[in-house]
Amino acid sequence: MASDIKLAEAPPSYDGAGFSATSFDKIIGLARANSLWPLPFATSCCGIEFMSTMASHYDLARFGSERPSFSPRQADMLLVAGTIAKKMGPILKQVYLQMAEPRWVIAIGACASSGGIFDTYSVLQGIDRIIPVDVYVPGCPPRPEQILDGVMQVQELAKNESLRRRNTEEYTKLLNSYSIQ
Amino acid sequence: MVSEELDIASRNLPAEQGPVQYVNELTTLNLGPTHPATHGIFQNILQMDGEKIVSGEQTIGYIHRAFEKIAERRPFYQITTLTDRMNYCSSPINNMGWHMTVEKLLGVEVPKRAQYIRVIMMELARLSDHLICNGILGVDTGAFTGFLYIYQEREHIYEIYEEVCGARLTTNMGRIGGMERDLSPTAIRKIKELIPRFRKVLTEFENLFNRNRIFMDRVVNVGGISAERALSYGFTGPNLRAAGVDYDVRVMNPYSSYQDFEFDIPVGQSGDTYDRFMVRNEEMWQSLRILEQAINNLPEGSYFADAPQYYLPPKQEVYQNMEALIYHFKIVMGEIDAPVGEVYHAVEGGNGELGFYLISDGGRAPYRLHFRRPCFIYYQAFPEMCKGLTLSDAIVIMSSMNVIAGELDA
Amino acid sequence: MLTNEEVAQTIINQFGETVGEFDDPYNLLTFSTGRDHIFSLIQFLKEHKTYQVGFLTDITAVHYPDSPGREFCVVYHMHSLTNNFRVRIKVYLDADDLHVPTVIPLFMSANWMERETFDLFGVIFDGHPDLRRILNMEEMDYHPMRKEYPLEDSTREDKIDALFGR
């Protein structure tokens with residue numbers, strides 16, 4: 001029975017009797033990567049595919065996203081699924097600002113990545129016009145497997161991220177380019 | 001009563017401070033655009049007197065994608081992809097409705113087999129739409145189990161869509177003049193297997209909810225609307241049928257051989273949330289009936305109309321026949337000779353009468369295309385329906401009305 | 001069974017010269033009237049004893065920039081549920097005088113349909129309790145569905161028109 005359970009790989013460590021010593025960022029990265037709580041910001045059709053991802057067939061919970069939190073303060077990653085219109089842009093930015101660091105953003109679908117098929121006067125041509133995006137998942141709508149692949153890419157990012165990244169100058173410059181202080 | 005206690009409290013205060021003034025103030029609650037994932041984005045600003053809702057003001061347009069303006073640029077068959085994304089929970093219905101509108105304009109007669117296949121796909125889409133609505137209504141009252149059980153059936157419906165047209169959600173199914181390919185044996189087998197299994201799952205779902213005391217306490221007598229008010233507000237579809245009016249476009253203006261099938265129209269009595277839930281459940285049973293009749297009596301014949309100037313000719317002919325080659329070229333380039341005229345065609349969507357008003361000026365794209373979207377029209381009644389009720393009732397009413405944001409804003 | 005000719009004749013008898021351009025494209029009775037009579041016409045159809053055209057299906061507008069004096073056409077689709085009879089009524093308006101009386105006193109569903117028509121075309125409905133934009137942002141200063149405005153947003157920077165064939 002024990003062989004059926006798949007555990008995450010432990011990082012290289014110095015082990016002894018009852019203790020295991022490794023570096024902070026590896027352990028914290030491992031913990032963060034395997035318990036990413038998503039904030040589903042689902043606006044349109046990609047939201048329905050996101051619902052399929054959350055349902056039992058393509059379970060998102062087994063990747064650690066057991067609690068889709070709708071409160072930005074308690075969420076780790078912002079899943080923007082669906083078209084963002086210009087009217088919705090300030091609201092999306094406000095939700096992003098309310099999230100606490102570390103936070104990751106996944107743009108699910110063609111509309112969130114670049115405006116999709118709607119090159120019109122009322123649609124924001126991609127959410128990276130207003131907030132920094134970490135992972136883009138193309139598709140219209142992307143299959144749940146693609147969304148899971150996007151989440152796994154964020155897991156890779158979270159696992160390998162340096163602890164100081166959010167305080168670096170480069171990151172502050174990135175945020176300033178979106179006029180986020 | 002609360003006011004008496006307040007009076008007593010004010011009398012106990014030292015005389016210099018005077019009595020405390022209590023003003024009855026209304027709270028403004030922003031049931032804002034970012035809903036928990038499932039309903040779509042539209043905003044309700046509610047004025048509440050404690051727990052009771054006094055009035056509400058709605059803001060929509062957070063996902064306005066200018067479909068009608070885009071449609072003035074695209075050739076007729078490219079607009080199908082736009083119609084997918086209106087009511088995205090049941091895209092085949094939108095697609096077929098659009099194809100039928102164009103066929104009405106062009107005067108194309110679709111053979112029986114294609115019509116039956118269209119009916120099968122539209123009824124599967126209707127099942128899919130009602131599954132989401134009822135499942136999410138359960139989730140909003142706190143019952144996640146029903147949603148998970150029922151979502152599994154939606155995955156099976158997605159498998160059938162994939163077999164027929166290649167996509168899961170935004171299907172772009174069918175062509176002007178019929179379907180793009182015949183139903184493969186796998187698709188027919190999957191549909192035949194779906195019907196008994198779906199009946200079992202639906203029975204299980206109904207056993208969880210229909211006579212569940214907690215669920216009934218949440219939804220019975222909540223958000224009722226009378227038939228006259230519903231008609232005045234332009235309700236159609238399951239919401240209107242729950243209020244007692246048996247208006248169904250499939251019966252009143254039959255299209256695509258619906259007159260060949262035998263099915264009932266479920267009608268409610270008081271138009272409250274429980275009636276809407278039950279009407280949708282019963283409509284799923286009726287859709288299964290139609291599916292069974294359609295798949296068992298599928299007529300032989302061609303799956304596309306003999307209209308080479310609108311429907312791509314078969315590839316053999318394109319390689320050998322000069323005329324077919326010219327038609328193929330013209331269709332792919334988007335130059336369809338549409339007659340000048342205006343047509344209005346309505347189909348029974350998952351939420352009601354989905355209408356397409358098409359004005360053509362003879363060019364390759366419509367001159368004006370307007371979608372009569374049922375969600376947009378009946379959502380106006382929401383503040384009236386939740387007046388005097390609590391916030392939790394408002395959530396349940398909104399979810400039972402099945403407002404889909406893509407159809408609201410178009 | 002109501003026929004188009006019968007209803008058309010009744011309307012002509014009742015409203016005479018103010019209605020015209022009778023047609024039935026694809027078997028749907030269509031005619032046009034002036035803006036001063038649209039309210040009484042719809043009320044007549046709604047309260048008629050036999051016809052009972054009591055359901056307002058849709059209100060929308062069309063922009064014809066090439067016909068001076070009749071640039072905008074407000075189109076009402078109505079439906080009689082008891083008789084299974086549909087009718088389409090058009091009101092042609094001049095671009096300089098874009099006013100039509102509202103039909104909210106007859107049908108509550110006209111509220112948002114008229115707001116949408118105002119938002120997209122700029123048609124002003126006199127007597128509407130709250131005529132403001134519904135689908136677009138309030139700050140938008142033009143009416144996008146008019147033919148003179150482009151589909152794309154002219155201020156976008158990331159898409160090069162040449163690559164998209166424009």
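# A tour from chain A to chain C

Start where chain B meets chain A: the contact takes 27 residues from chain B and 31 residues from chain A. Two residues count as in contact if their C-beta atoms, placed from the backbone, lie within 7 Å. This is a predicted model, where local features need pLDDT of at least 70, side-chain atom pairs count only at pLDDT 80 or more, and totals for chains, interfaces and linings use all residues. Residues are numbered from 1 along each chain as its sequence is written, and chains are lettered from A and ligands numbered from 1 in the order in which they are written.

**Stop 1: the chain B face towards chain A**

Select helix H2 (67-71), helix H6 (144-165) and helix H18 (405-409) of chain B. Each supplies at least two residues of the side that touches chain A. H6(B) gives the largest share, 4 residues. By class, this side of chain B divides into 14 nonpolar, 8 polar and 5 charged residues. Here Ala, Val, Leu, Ile, Met, Phe, Trp, Tyr, Cys and Pro count as nonpolar, Asp, Glu, Lys and Arg as charged, and the others, Gly among them, as polar. Helices (H or I, at least four residues) and strands (E, at least two) are DSSP runs, numbered from the N terminus.

**Stop 2: confidence in chain B**

The chain averages 88, and 94% of the residues score at least 70. Where is confidence lowest in chain B, and where highest? It is lowest in helix H1 (residues 2-12), at a mean of 48, and highest in helix H12 (residues 273-296), at 94. Over residues 1-10 of chain B the pLDDT is below 50, and this stretch has 3 contacts in the model beyond near neighbours in sequence.

**Stop 3: a hairpin in chain B**

Move to strand E4 (residues 340-348) of chain B. It is mostly covered, with 7 of its 9 residues buried. Buried means that 20 or more other C-beta atoms lie within 10 Å of the residue's own; exposed means 12 or fewer, partly exposed in between, with C-beta atoms placed from the backbone. Strand E5 (residues 353-361) of chain B runs antiparallel to E4(B), joined by 9 bridges. Two strands pair if DSSP finds at least two bridges between them. Pick B:His345: its bridge partner in E5(B) is B:Phe356. The hairpin has 4 residues between the strands, and B:Gly352 takes a positive phi near 140°.

**Stop 4: chain B against chain C**

This contact takes 29 residues from chain B and 26 residues from chain C. On the chain C side, strand E3 (55-63) and helix H3 (110-121) are the elements that give two or more residues. The largest share, 6 residues, comes from E3(C). This side of chain C has 16 nonpolar, 8 polar and 2 charged residues.

**Stop 5: chain C as a whole**

Of its 166 residues, 39% are buried.

**Stop 6: the sheet of chain C**

Select the open sheet of 5 strands in chain C, with the order E1-E2-E5-E4-E3 and mixed pairing. Strand E1 (19-23) and E3 of chain C stand at the edges with a single partner strand each, so one side of each is left without a neighbour in the sheet. Neighbouring strands are turned by 20° against each other on average, direction ignored. In the sheet, strand E2 (residues 29-33) and strand E5 (residues 85-93) of chain C run parallel, joined by 5 bridges. C:Phe31 stands opposite C:Ile89 in E5(C).

Helix H2 (residues 38-47) of chain C lies across E2, strand E4 (72-80) and E5 of chain C, at about 175° to E5(C). Axes are lines fitted to C-alpha atoms, for helices over the stretch in contact, and angles run from 0 to 180 degrees between N-to-C directions. H3(C) packs on the sheet too, touching E3 and E4 of chain C, and its direction makes about 5° with that of E3(C).

**Stop 7: helix H3 of chain C**

Finish on H3(C). Buried or exposed? 12 of the 12 residues of H3(C) are buried, so it is largely enclosed by the rest of the structure. Among them are C:Trp112, C:Met113 and C:Phe118. The buried residues pack against helix H15 (374-378) of chain B, together with E3, E4 and strand E7 (124-126) of chain C. Step past the helix to C:Gly122, whose phi is positive, near 90°.

How values were computed:
pLDDT = per-residue confidence, 0-100.
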